Amino acid sequence: MNFRSEAEVDHFLASFESGVLPRYCWTHAAHIAMCAARLWNEDSHTVNRIREEIQHYNHSQGILTTPTSGYHETLTLFWIETIRACLRDTQPESRLAAVCATIKTLGLDSGLPRKRYTFDVFQSTEARARWIPPDRE
């Protein structure tokens, strides 16, 4: 995933928001890009917006949320906090730079939660439904 302009970020976000982004494009890097773009101008509604947009996108693509699949609250909040930390560390000067830097830093590391969570917690229905703090350091 390589963005060259703010317009490309806008197009990606509009496709995601409307639910027309092809499912094969909703990769780990796309999740990271969307979240970084949202967190760039974070306000008190950003976390809920990210949650709602992921769930809306899933619904538009026929992805059902069940006790064992679909939206995962713990993963969503884990990545939000991880991306916030990345943005604090890199201090990008624009939304485009924030998205690109975060993809470069985290876009290929989809296994990062496994370093912070044991398999049982990560795969639990409870972690899917509500925030569970990491059980590994």
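Ala 98 is located in helix α5. In this predicted model, Ala 98 has a relative accessible area of 0% and is therefore buried, the limit for that class being under 20%. Leaving out residues up to four places away in sequence, Ala 98 touches Ala 36, Trp 40, Leu 87 and Pro 92. Between Ala 98 and Gly 111 there are 13 residues in sequence and 21 Å in space, taken from C-alpha to C-alpha.

**Confidence of the prediction**

The average pLDDT of the protein is 94, and 100% of the residues reach at least 70. Among the elements, the highest mean pLDDT, 98, belongs to helix α1 (residues 6-18), and the lowest, 84, belongs to helix α7 (residues 119-122).

With a relative accessible area of 19%, Leu 96 is buried, because the class takes in values under 20%. Apart from neighbours within four places in sequence, Leu 96 is in contact with Phe 3, Arg 4, Ser 5, Glu 6 and Val 9. Leu 96 and Ala 30 stand 66 residues apart in sequence, and their C-alpha atoms are 14 Å apart in space.

Val 99 touches Phe 3, Val 9, Ala 33, Ala 36 and Ala 37, again not counting residues up to four places away in sequence. Val 99 is also one of the residues with the most contacts inside the largest nonpolar core, together with Phe 3, Phe 12, Trp 26, Met 34 and Ile 83. That core has 39 residues. Two or more of its residues come from each of α1, α2 (28-40), α3, α4 (73-90), α5 (95-106) and α7. The largest share, 9 residues, is given by α2.

**Helix α1 and its partners**

How do the axes of α1 and α2 cross, and how do those of α1 and α3? The table sets out the two pairs.

| Pair | Axes come within | Crossing angle |
|---|---|---|
| α1 and α2 | 11 Å | roughly 105° |
| α1 and α3 (residues 46-60) | 7 Å | roughly 65° |

In the contact of α1 with α2, Val 9, Phe 12, Leu 13, Phe 16 and Glu 17 of α1 meet Ala 30, Ala 33, Met 34, Ala 37 and Arg 38 of α2. By class, this contact contains 8 nonpolar residues, 2 charged residues and no polar ones.

In the contact of α1 with α3, Phe 16, Glu 17 and Ser 18 of α1 meet Arg 49, Glu 53, Ile 54, His 56 and Tyr 57 of α3. The class division here is 3 nonpolar, 2 polar and 3 charged residues.

Arg 49 deserves a separate description. Arg 49 lies in helix α3, and its relative accessibility of 38% places it among the partly exposed residues. Setting aside residues up to four places away in sequence, Arg 49 touches Glu 17 and Arg 38. Glu 17 belongs to α1 and Arg 38 to α2. Arg 49 and Trp 26 are 23 residues apart in sequence and 17 Å apart in space, from C-alpha to C-alpha.

**The loop between α4 and α5**

Is Gln 91 buried or exposed? Gln 91 lies in the loop that joins α4 and α5. Its relative accessible area is 62%, and Gln 91 therefore counts as exposed, since the class takes values over 50%. The phi angle of Gln 91 is near 45°, a positive value in a residue other than glycine.

Terms used
Residues numbered from 1 in each chain as written. Predicted model: local features only at pLDDT ≥ 70, side-chain atom pairs only at ≥ 80, totals over all residues. Heavy atoms only, no water. pLDDT = per-residue confidence, 0-100. Helix = DSSP H or I, 4+ residues; strand = E, 2+ residues; numbered from the N terminus. Axes fitted to C-alpha atoms, helices over the stretch in contact; angles between N-to-C directions. Contact = heavy atoms within 4.5 Å. Nonpolar A, V, L, I, M, F, W, Y, C, P; charged D, E, K, R; others polar. Core = buried A, V, L, I, M, F, W, Y, C linked by side-chain atoms within 4.5 Å. Buried < 20%, exposed > 50% of the residue type's maximum accessible area, 1.4 Å probe, protein only.
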